[in-house]
Amino acid sequence: MGMFTWFDAKSAQEFGEQLANALIERTPLEEMKSEKSLSKKHEAMLNKLNQMVAEFKKENALNFYKKAKLGNKFRWVLVEKGYDQEYVDRMTNWLIIKL
């Protein structure tokens, strides 16, 4: 059974999607294009995501497979919503470091 739980990344993938949607909700693509007050709003969004990651890590043991699945899901949700590739890469790297 232990081996199967090691590869069970369903909750990690769901959390990756949840994080991406939280980012999208707090920093919509339209606002990304006009970066006027984005820095303060972006900082607040990062703090919120950081809290969400900390909570998730308390309740879920993440091995490198699950971290990769989580990060990959996060990345693809943002890509599908049309976020700039450089931004997506930067945010995904930020997330992986936090995990």
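Me: Which residues of helix H2 meet helix H5 in this model?

Reply: Happy to list them: Ala12, Gln13, Phe15, Gly16, Glu17, Leu19, Ala20, Asn21, Leu23 and Ile24 in H2 meet Lys66, Lys69, Leu70, Lys73, Phe74, Val77 and Leu78 in H5; contact means heavy atoms within 4.5 Å. The residues of this contact divide into 10 nonpolar, three polar and four charged, with Gly counted as polar. The model is predicted, so local features need pLDDT of at least 70 and side-chain atom pairs pLDDT 80 or more, while totals for chains, interfaces and linings use all residues. Residues are numbered from 1 along each chain as its sequence is written, and side-chain values use heavy atoms, leaving out hydrogens and water.

Me: How do the axes of H2 and H5 lie?

Reply: The axes of H2 (residues 10–26) and H5 (residues 64–80) come within 7 Å and cross at roughly 35°.

Me: Why is H5 called roughly antiparallel to H6?

Reply: The axes of H5 and H6 (residues 85–98) cross at roughly 155° and come within 10 Å. Angles over 145 degrees count as roughly antiparallel, so H5 is roughly antiparallel to H6. Among the residues that meet here are Leu70, Phe74 and Leu78 in H5, and Val88, Met91 and Leu95 in H6. The residues of the contact of H5 with H6 divide into eight nonpolar, three polar and three charged.

Me: What makes His42 buried?

Reply: Its relative accessible area is 13%, and buried means under 20%, so His42 is buried. His42 is found in helix H4 (residues 38–59). Leaving aside neighbours within four places in sequence, His42 is in contact with Thr27, Tyr87 and Met91.

Note on methods:
Axes fitted to C-alpha atoms, helices over the stretch in contact; angles between N-to-C directions. Helix = DSSP H or I, 4+ residues; strand = E, 2+ residues; numbered from the N terminus. Buried < 20%, exposed > 50% of the residue type's maximum accessible area, 1.4 Å probe, protein only. Parallel < 35°, antiparallel > 145°, perpendicular 65-115°, else oblique.
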